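Subject: A structure for you to look at

Hi there,

Here is the structure I promised to pass on. Please open it first, and then read my notes below alongside it.

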Amino acid sequence: MAHSEEDVNWVYDRTLQRGRCFYCCKQLSFANYGIVGSKGTWEIDHFIPLAAGGEDTRYNWVPACVNCNTEKADLLPWEFMPQRFTRGDLNPNHYIFDCDPSPLMRWIAGLFG
Ligand SMILES: [Zn+2]
């Protein structure tokens, strides 16, 4: 499905360290959005899959490298990464800090937990 440029920008910046895959934290290339086979290519993933009742809105969109998006497919986040995502938690904002290795940001993330 097509997303506006504004939406693509917004999703790319969603993780605390801008332009990281929401799942594996790999650095993405903004310019290679949707260009499969290019370096750092990425897609907009539905955190809660549409097939599982997720919404097609910004709230539910996260940046994902093609590998993660393909592997996750129609799995719920807690099925895809049970160690990381809390079962039944529909809010990706609870996890945007996860790719930041600094203790300070991990501490701040705890406040949002
Ligand atoms: Zn990834």
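One term to start with: a residue counts as buried if 20 or more other C-beta atoms lie within 10 Å of its own, as exposed if 12 or fewer do, and as partly exposed in between, with C-beta atoms placed from the backbone. By that count Y33, with 20 other C-beta atoms within 10 Å, is buried.

Two notes on the source. This is a predicted model, in which local features need pLDDT of at least 70 and side-chain atom pairs count only at pLDDT 80 or more, while totals for chains, interfaces and linings use all residues. Residues are numbered from 1 along each chain as its sequence is written.

Now the overall picture. The protein has four helices and two strands, where helices (H or I, at least four residues) and strands (E, at least two) are DSSP runs numbered from the N terminus. Their order along the sequence is α-β-β-α-α-α. The radius of gyration is 13 Å, close to the 13 Å that the globule rule gives for 113 residues, so the protein is as compact as a globular protein of that length. (That radius is taken over C-alpha atoms, and the rule is 2.2 Å times the number of residues to the power 0.38.) The C-alpha trace spans about 35 × 30 × 25 Å along its principal axes. Of the 113 residues, 25% count as buried.

Contacts come next: two residues are in contact if their C-beta atoms, placed from the backbone, lie within 7 Å. Among contacts with a separation of 6 or more, 47% are between residues 24 or more positions apart.

Back to Y33, which sits in the loop between α1 and β1. Beyond its neighbours within four places in sequence, Y33 is in contact with V8 and W42. Y33 and V66 are 33 residues apart in sequence, and their C-alpha atoms are 9.7 Å apart in space.

Which residues have the most contacts inside the largest nonpolar core? They are C21, W42, V62, A64 and C65, in a core of 15 residues. (A nonpolar core is a set of buried Ala, Val, Leu, Ile, Met, Phe, Trp, Tyr and Cys residues joined through C-beta atoms within 7 Å.) β1, β2 (61-65) and α2 each give two or more residues to this core, and β2 contributes the largest share, four residues.

Five of its five residues are buried, so β2 is largely enclosed by the rest of the structure. On one side are W61, P63 and C65, on the other V62 and A64, and all of them are buried. In a regular strand the side chains alternate between the two faces of the sheet. β1 and β2 run antiparallel and are joined by five bridges; strands pair if DSSP finds at least two bridges between them. W42 has C65 as its bridge partner in β2.

Finally, two loop residues to check. C25, in the loop between α1 (5-12) and β1 (42-46), has a phi near 70°, a positive value in a residue other than glycine. C25 is partly exposed, with 16 C-beta neighbours inside 10 Å. A73, in the loop between α2 (66-72) and α3 (77-80), also has a positive phi, near 45°. A73 is exposed, with 10 other C-beta atoms within 10 Å.

Enjoy exploring!

Best wishes
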